[in-house]
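Here is a short report for a first look at this chain. Keep the structure open while reading.

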Amino acid sequence: MSKSGQNVPVVPPPPPLVKVPLLIKYAGVPPRQWKQGRGYSIPEIKAVGLTVDQARRLGIYVDERRDTCYEHNIKALREWLEKVKRGEIRPPPPTLPKVIVVKPQRRRVFRGLTSAGKRMRGLRSVKLRETHRYKWKRKQKERMLKKRHEAARAKGGH
């Protein structure tokens, strides 16, 4: 193969393997011991001698939530990096962390974004405008003081 980059194939890094969690539904015996993970953990990437930024530039997915460090993942990643350094394969394009797009709030009354919605949710006179804990606390107090219809509802009716 030519090392100029023309005929060199783009090969993604091997998928990381992580242990299957023991769930109650498995009754202590999981269906298999290993599954494909979301990405390599930070300790695994540091064991190979890379930083998180360098790994992402090489097209390696990084799972920042996982703390485990498995030897077979380190070995597989080290072998893949050796092939990249020798020029046998090319890494894929850089992987960036997933960006979660937050939908903008729609203007609805029941969310308490208008004065009518705030009045309906009981948030008019409170400083914490976007909270419903205030309302729950107030309802509980009404039940204790047996005010309005809440007292009858809490006791199961008359």
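## Helix H5 and what follows

Helix H5 covers residues 133-145, which makes 13 residues. At 1.5 Å a residue, H5 should span 18 Å. Lys146 follows H5. The phi of Lys146 is positive, near 55°.

## The model and its confidence

This is a predicted model. The mean pLDDT of the chain is 81. Of its residues, 77% reach 70 or more.

## Overall layout

The chain has 158 residues, and buried residues make up 27% of them. Its secondary structure comes to six helices and two strands. Along the sequence, the pattern reads β-β-α-α-α-α-α-α.

## The nonpolar core

The largest nonpolar core has 14 residues. Those with the most contacts inside it are Ile45, Leu50, Ala55, Ile60, Leu77, Trp80 and Leu81. Helices H1 and H3 each supply at least two residues of this core. H3 gives the most, with five residues.

Ile60 shows how this part of the chain comes together. Leaving aside neighbours within four places in sequence, Ile60 is in contact with Leu50, Ala55, Leu77 and Trp80, among others. The list of its contacts also includes Pro13, Tyr40 and Thr95.

## An aromatic pair

The structure holds one aromatic pair. Its members are Trp34 and Tyr70. A pair of aromatic rings is described by the distance of the centres and the angle of the planes. For Trp34 and Tyr70, the centres are 5.2 Å apart and the planes stand at 90°. The angle is over 60 degrees, so the pair counts as edge-to-face.

The pair links distant parts of the chain, 36 residues apart. Trp34 sits in strand E2 (residues 34-36). Tyr70 sits in the loop between helix H2 (52-57) and helix H3 (71-86). Are these two residues buried, exposed or in between? Trp34 has a relative accessible area of 29%, so it is partly exposed. Tyr70 is buried, at 15%.

## Glu44, a buried residue in H1

Glu44 belongs to helix H1. Its relative accessible area is 0%, so Glu44 counts as buried. A polar atom of its side chain lies 3.1 Å from the backbone nitrogen of Ser41.

What does Glu44 touch, not counting residues up to four places away in sequence? The contacts are Arg66, Thr68, Cys69, Tyr70, Asn73 and Ile74. Tyr70 is also a member of the aromatic pair.

## Arg56 and Pro94

Arg56 lies in helix H2. Its relative accessibility is 14%, under the 20% cut-off, so Arg56 counts as buried. Not counting residues up to four places away in sequence, Arg56 touches Val62, Glu64, Pro94, Thr95 and Pro97.

Pro94 is placed in the loop between H3 and helix H4 (115-121). Pro94 is exposed, with a relative accessible area of 56%. Leaving aside neighbours within four places in sequence, Pro94 is in contact with Arg56, Arg57 and Gly59. Pro94 and Ala55 are 39 residues apart along the chain, and their C-alpha atoms are separated by 8.5 Å.

## The loop between E1 and E2

Ala27 is found in the loop between E1 and E2. Ala27 is not a glycine, yet its phi is positive, about 55°. Its relative accessible area is 66%, over the 50% cut-off, so Ala27 is exposed.

Pro31 is also placed in the loop between strand E1 (17-19) and E2. Pro31 counts as exposed, at 56% relative accessibility. Pro31 and Val20 are 11 residues apart in sequence. From C-alpha to C-alpha, Pro31 and Val20 are 8.4 Å apart in space.

How values were computed. Residues are numbered from 1 along each chain as its sequence is written. This is a predicted model: local features need pLDDT of at least 70, side-chain atom pairs count only at pLDDT 80 or more; totals for chains, interfaces and linings use all residues. Side-chain values use heavy atoms; hydrogens and water are left out. pLDDT is the predictor's confidence in each residue, from 0 to 100. Rings of Phe, Tyr and Trp (its six-membered ring) pair if their centres lie within 6.5 Å; planes under 30 degrees apart count as stacked, over 60 as edge-to-face and the rest as tilted. Helices (H or I, at least four residues) and strands (E, at least two) are DSSP runs, numbered from the N terminus. Buried means under 20% relative accessible area, exposed over 50%, partly exposed in between (1.4 Å probe, protein chains only). A nonpolar core is a set of buried Ala, Val, Leu, Ile, Met, Phe, Trp, Tyr and Cys residues joined through side-chain atoms within 4.5 Å. Contact means heavy atoms within 4.5 Å. A polar contact is a pair of N or O atoms within 3.5 Å; within protein, one must be able to donate a hydrogen and the other to accept it, and residues adjacent in sequence count only if both atoms are side-chain atoms. The expected span of a helix is 1.5 Å times one less than its number of residues.
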